[in-house]
Amino acid sequence: MLFNLRILLNNAAFRNGHNFVVRNFRCGQPLQNKVQLKGRDLLTLKNFTGEEIKYMLWLSADLKFRIKQKGEYLPLLQGKSLGMIFEKRSTRTRLSTETGFALLGGHPCFLTTQDIHLGVNESLTDTARVLSSMTDAVLARVYKQSDLDTLAKEASIPIINGLSDLYHPIQILADYLTLQEHYSSLKGLTLSWIGDGNNILHSIMMSAAKFGMHLQAATPKGYEPDASVTKLAEQYAKENGTKLLLTNDPLEAAHGGNVLITDTWISMGQEEEKKKRLQAFQGYQVTMKTAKVAASDWTFLHCLPRKPEEVDDEVFYSPRSLVFPEAENRKWTIMAVMVSLLTDYSPQLQKPKF
């Protein structure tokens, strides 16, 4: 028998002092799953179909419900180990991956540049083969996408992109889960990006149209998204009948948008460009003036850490801001990625509407 969980979970949230949103999730017999991701790499969302990405979000919602809300213990990764290579520091990526993998019964092993220096003390080929013999998967947060591609080519285990110069796919999964929880469906939403043409925007461009979402992106001149990414995004938009607008006008990008999104203007490795970038991004701060031209149900996302010049306090701490649920969902989505790539588990929760 299927039953709606909204009242049950909201009451539980009230009793426990938690504030969260559950929309249109119904529990019943697991549905037959035709998507099989076991053994795959996750380097970029361009390598995944819309149904495959939806499956990872479905699995995220399932794990969140069973573990967080029902209090179940699911040792789905018991006996498995994860190598975590971090060339760049991180709060959310490290914490979500370490705690999530351990919560599922696995053992994460954190490696910094002092422990492993990709392609310097040892070739990428040799590193990939050694890690393949000792771990079940590797999550790598690196400077160069090409290093991930080499690791994936040479390794015999799944390689997951924890961030690179070109893509940040696991962040976008968290964003989409957050929006699904808030809006109940992703199809037809207009995403308004205001900021740098960076890895976050690239990952949105590789996936939004597959859900039927429109994208309006404003970047300063000289900071547009990668040309090859843009070409493929235009193809996705055409195939899926969605709108793709690239502009240098923040208000044009925000016009009619359901979701206002921005990110850091100065990524790690770009510190020397700070003065130049701050000047180039004048007028790109997200404020209530920006929100005035957005849709009446607008919300705000930022992958964090946030600087005040990117978005003011009035928007960032407003009830429309979903940044903290977004941050928490990094944990549930990376757990789903690991489970989908390493096990045959199928979600028990009825598939949400996307």
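Two strands count as paired if DSSP finds at least two bridges between them. In this predicted model, strand E8 (residues 214-218) and strand E9 meet that condition, with four bridges joining them. The two strands run parallel.

E8 and E9 belong to an open sheet of five strands. The order across the sheet is E9-E8-E7-E10-E11. The pairing is parallel. Strand E9 (244-247) lies at one edge, and strand E11 (299-302) lies at the other. Each edge strand pairs on one side only. From one strand to the next, the twist averages 15°.

Helix packing was examined next. Helix H2 (residues 50-69) packs against helix H6 (residues 169-183) at an angle of about 65°. Their axes are 10 Å apart. Angles of 65 to 115 degrees count as roughly perpendicular, and H2 and H6 are therefore roughly perpendicular to each other. The crossing of H2 past H6 is right-handed. On the H2 side, the contact is made by Ile 53, Met 56, Leu 57, Ser 60, Ala 61 and Lys 64. On the H6 side, Leu 173, Tyr 176, Leu 177 and Glu 181 take part. By class, the residues of this contact are seven nonpolar, one polar and two charged.

H3 contributes Arg 92, Thr 93, Ser 96, Thr 97, Thr 99, Gly 100, Phe 101 and Leu 103. These residues meet Ala 327, Arg 330, Lys 331, Ile 334, Met 335, Met 338 and Leu 342 in H13. The contact of H3 with H13 has seven nonpolar, five polar and three charged residues.

Charged side chains were considered last. Side chains of opposite charge can pair when their charged atoms come close. A search of the whole structure finds 13 salt bridges. One of them joins the side chains of Glu 51 and Lys 351, with an N to O distance of 3.1 Å. The pair links distant parts of the chain, as Glu 51 and Lys 351 are 300 residues apart. Glu 51 sits in helix H2. Lys 351 sits in the segment after helix H13 (323-342).

Technical notes. Residues are numbered from 1 along each chain as its sequence is written. This is a predicted model: local features need pLDDT of at least 70, side-chain atom pairs count only at pLDDT 80 or more; totals for chains, interfaces and linings use all residues. Side-chain values use heavy atoms; hydrogens and water are left out. Axes are lines fitted to C-alpha atoms, for helices over the stretch in contact, and angles run from 0 to 180 degrees between N-to-C directions. Angles under 35 degrees count as roughly parallel, over 145 as roughly antiparallel, 65 to 115 as roughly perpendicular and the rest as oblique. A crossing is left-handed if the near helix is turned anticlockwise from the far one by less than a right angle, and right-handed if clockwise. Contact means heavy atoms within 4.5 Å. Ala, Val, Leu, Ile, Met, Phe, Trp, Tyr, Cys and Pro count as nonpolar, Asp, Glu, Lys and Arg as charged, and the others, Gly among them, as polar. A salt bridge is a side-chain nitrogen of Lys or Arg within 4 Å of a carboxyl oxygen of Asp or Glu.
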